[in-house]
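Have the model open as you read.

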Amino acid sequence: TGGRPAAGVLRHRQRSHRPTPGSLGDRRTTAGRQAPVPGQGGADGRGRGQDRAIAFAAALHAVLGRRVHVITANDYLADRDAALLGPVYRSLGLDCGAVLGHMERRERRHIYRRGIIYGAMRELGFDHLRDHLGTAPEERVQQPLDVAIVDEADHALIDEAYTPLIISGNPLGGTRWAVRVNGAVADMIAEQRVLAEGLAQDLDANDDRSPERLRLLAKLILANPDNKTLRQHVSQALHAHLLQQRDVDYLVDDDSVVLIDQHTGRPKPDSIYQHGLQQAVEAREGVTVQPENETLAQISVSGLVSRYGQVAGITGTAEPAAGEFRRKYGLVVAVVPPAHPLLRTSIPPAVYLSREDKLAAVVDEVEARHRTGQPVLVGTRTVEQSEELAGLLSERRIPHRVLNAVTTHTEAAIVRDAGAFGAVTVATHMAGRGTDILLTTTLDFAPGLCVMGTEVHDSSRITLQLNGRSGRQGQFGMTQTFLSLEDRLVNLDAEAILKLANCRRMDAAGLTCYTGPDVSRRIQQLQDAADREGESQRALIQDYAAELDHQTHLYHQRRQELIGLASDTERVRPMCEQVVAKVASRLAAKHLGPDVDNDYAVRFGRMQAELRRDFGVECSHLYGMDLGLLPESLAELLTAQLDRLASRCGGSAFPELARLLYLQVCGELWPGHLTTLRDLLAVQLLSGSNHKSSVAAYILRCTGAWNAFWDMVDEEFLSRLATLQTGASGTQAAQPVKVSGATERLLAMDAPLPVDEGHGSITLI
């Protein structure tokens with residue numbers, strides 16, 4: 001991962017009620033014609049009013065008879081905007097509502113029937129997944145996905161586009177491995193550091209590279225290279241110890257590890273790391289290790305959005321990502337000019353020689369502006385940096401407040417007071433999106449809010465969002481950036497900056513810094529390079545995620561076809577015959593393929609045993625048959641077995657029973673297939689292949705896994721169906737079975753069917 005934080009997932013634990021099916025929308029992504037994706041240009045100014053602007057597009061679509069989903073960042077915004085704009089929609093004869101996390105299925109179904117629905121991405125996504133886990137069309141919650149209008153579109157559709165939404169089931173395995181491997185890896189890292197220090201001293205002394213000692217170290221690290229599971233556990237433990245940083249990538253809250261959104265700085269309590277990394281981090285921090293759960297359903301944000309017929313969005317920082325919007329979604333960015341002229345002054349960045357000098361300069365500037373009464377917002381990259389800067393301000397006795405992922409419980413109060421006379425706020429970039437800092441009336445004609453940046457971010461959109469807190473709605477404002485040659489990105493071009501002698505300056509405190517047009521140009525080049533690297537990383541993740549989304553889409557389509565057979569039972573029998581033909585061919589090829597030699601009898605015996613055990617069919621009379629005719633003969637035997645079952649169950653009950661049984665088998669085996677795909681991805685990420693070859697290899701492996709999954713479904717379905725037991729108590733003849741809705745749900749849950757003595761019953765084997 002090149003030191004980048006691992007991607008997390010949004011995970012939702014399956015509730016006790018049964019999920020219900022839904023429908024898919026054709027992907028006809030618009031190029032921003034119905035609702036533009038406005039972004040502010042080079043002036044990067046932002047103002048309030050995005051929620052009002054969305055209302056125009058939502059109302060237009062709703063009037064035309066399309067159902068509109070307005071996708072927000074969280075439940076609070078969905079509830080607020082739906083309540084705020086509800087009277088406007090109702091005045092136009094339109095109904096509107098908000099889907100919130102606490103709502104039950106019945107209430108959600110009622111809201112989804114309205115014309116305009118507000119909801120967080122996670123709520124809409126989980127409802128979509130639950131709809132495709134069910135077995136009956138009348139139980140679905142969502143209506144057809146017509147139009148999606150995404151608020152803060154660049155964050156949702158680009159930054160979070162490939163964060164998977166996952167519905168979790170039962171725990172998979174235990175957590176002891178995480179604790180044991182954590183201790184071993186911690187000891188190994190300590191030993192490795194001691195050994196490295198010793199080797200370095202040896203090299204300095206006599207240039208003795210000690211190859212035997214290096215081989216011993218490699219042996220200790222690898223331990224057992226043939227143990228793939230151990231290798232993955234050790235790899236994730238090393239990742240947790242060496243690449244994941246507390247208060248940067250995650251924070252510890254009570255007895256749990258909470259991920260931090262790298263783009264907004266906000267905590268993500270519903271997100272976890274995948275592939276065992278979450279357990280490795282929990283073990284490292286000494287909190288309770290939670291087991292990794294079975295994945296029942298999964299889709300990425302990009303995959304969910306692609307299900308809508310039309311997609312549009314709005315944000316203040318779309319223009320830097322215009323290329324990605326066009327390539328990934330076919331959306332054209334339309335820049336909407338601000339309603340008021342921009343009155344913000346941007347001071348060129350100053351680069352100091354050391355991090356200590358930079359922080360000292362920041363504190364000096366904050367103190368000077370605080371004395372004049374100008375409110376100041378200082379942006380930091382991490383929680384740790386914000387706490388450090390807060391400590392320096394406290395030493396100067398400058399009153400201030402801190403806003404980061406640890407202090408979200410006081411966010412509303414901090415943001416409310418950040419525009420007050422003389423206010424000083426230190427914040428991570430969570431203050432840059434979704435917040436509105438209002439200046440007190442006494443500051444209307446003052447310099448306004450001063451935003452200070454303390455580092456170059458990996459994404460220019462984060463910088464634009466933070467600077468956009470100043471100079472809003474025609475107010476005055478100013479921005480200033482303080483950097484150092486020790487900063488992560490600036491350090492990459494430190495030598496070139498030091499050569500800019502004409503830009504060397506001394507600030508008011510006598511500290512050396514570099515500032516001017518040439519420095520600004522260098523910083524912009526670093527920012528552009530970081531943007532390109534981020535886009536390249538997202539492109540790689542997109543290619544990986546697209547394969548899983550594609551298979552998920554095909555699987556959902558197949559389930560919808562099966563659910564639709566409830567009203568067209570005549571198509572069930574041909575489906576069963578197709579399954580029989582495929583299974584018969586695979587059995588013949590598996591046991592008596594073209595490579596059969598002198599062990600024909602042994603192989604035939606194995607096939608005979610499998611048919612008897614798994615399908616209840618006797619094939620001893622086929623011994624010696626022409627191998628070319630064997631698949632057809634096996635298919636006839638299996639078909640005859642199904643005919644006997646149909647005659648016992650009754651002609652009307654058999655198609656419904658077969659349909660539900662196929663759905664049940666699909667539902668049982670699908671989580672295992674998702675686990676296989678995730679394991680394939682984990683293995684592929686550890687390879688050193690380049691982008692194209694790595695993705696191609698992954699797609700090939702996934703295609704093989706997809707074919708193997710359906711082969712497994714066919715064999716398991718046919719085995720259960722062929723060996724299904726029906727009967728009657730005493731001498732009473734078996735009666736035709738009528739499958740009720742309750743029985744259908746029991747079958748879908750793999751629950752034991754109640755047996756009524758004296759009447760025919762169905763028992764699942």
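Let's start with helix H12 (residues 355-372) and helix H13 (residues 383-395), which pack at about 55° with axes 10 Å apart. Axes here are lines fitted to C-alpha atoms over the stretch in contact, and angles run from 0 to 180 degrees between N-to-C directions. Helices are DSSP runs (H or I, at least four residues), numbered from the N terminus. This is a predicted model, where local features need pLDDT of at least 70, side-chain atom pairs count only at pLDDT 80 or more, and totals for chains, interfaces and linings use all residues. Residues are numbered from 1 along each chain as its sequence is written, and side-chain values use heavy atoms, with hydrogens and water left out.

H12 and H13 are therefore oblique to each other; under 35 degrees counts as roughly parallel, over 145 as roughly antiparallel, 65 to 115 as roughly perpendicular, and the rest as oblique. From H12, Arg355, Leu359, Val362, Val363 and Val366 meet Glu388, Leu389, Leu392 and Leu393 of H13, contact meaning heavy atoms within 4.5 Å. That contact splits into 7 nonpolar, no polar and 2 charged residues. (Ala, Val, Leu, Ile, Met, Phe, Trp, Tyr, Cys and Pro are nonpolar, Asp, Glu, Lys and Arg charged, and the others, Gly among them, polar.)

Further along come helix H18 (residues 572-591) and helix H19 (residues 600-615), whose axes cross at roughly 145°. On the H18 side, Val583, Leu587, Lys590 and His591 make the contact, with Arg603, Arg606, Met607, Glu610, Leu611 and Phe615 on H19. By class, there are 5 nonpolar, 1 polar and 4 charged residues in the contact of H18 with H19.

H19 also packs on helix H20 (residues 630-649), at roughly 20°, so H19 and H20 are roughly parallel to each other. Here Met607, Leu611 and Phe615 of H19 touch Leu630, Leu634, Leu638 and Gln641 of H20. The contact of H19 with H20 has 6 nonpolar, 1 polar and no charged residues.

The angles and axis distances, pair by pair:

| Helix pair | Angle | Axis distance |
|---|---|---|
| H12 and H13 | about 55° | 10 Å |
| H18 and H19 | roughly 145° | within 9 Å |
| H19 and H20 | roughly 20° | within 12 Å |

What lines the second largest cavity? Ile437, Leu439, Leu449, Arg469, Ser470, Gly471, Arg472, Gln475 and Phe476 do, dividing into 4 nonpolar, 3 polar and 2 charged. A cavity is a set of points on a 1 Å grid over the protein atoms alone where a 1.4 Å probe fits but cannot get out, and lining residues have an atom within 4 Å of a point.

Note on methods:
Helix = DSSP H or I, 4+ residues; strand = E, 2+ residues; numbered from the N terminus. 1 Å grid on protein atoms, 1.4 Å probe; cavity = no way out; pocket = protein on both sides within 12 Å on 5 of 7 lines; lining within 4 Å.
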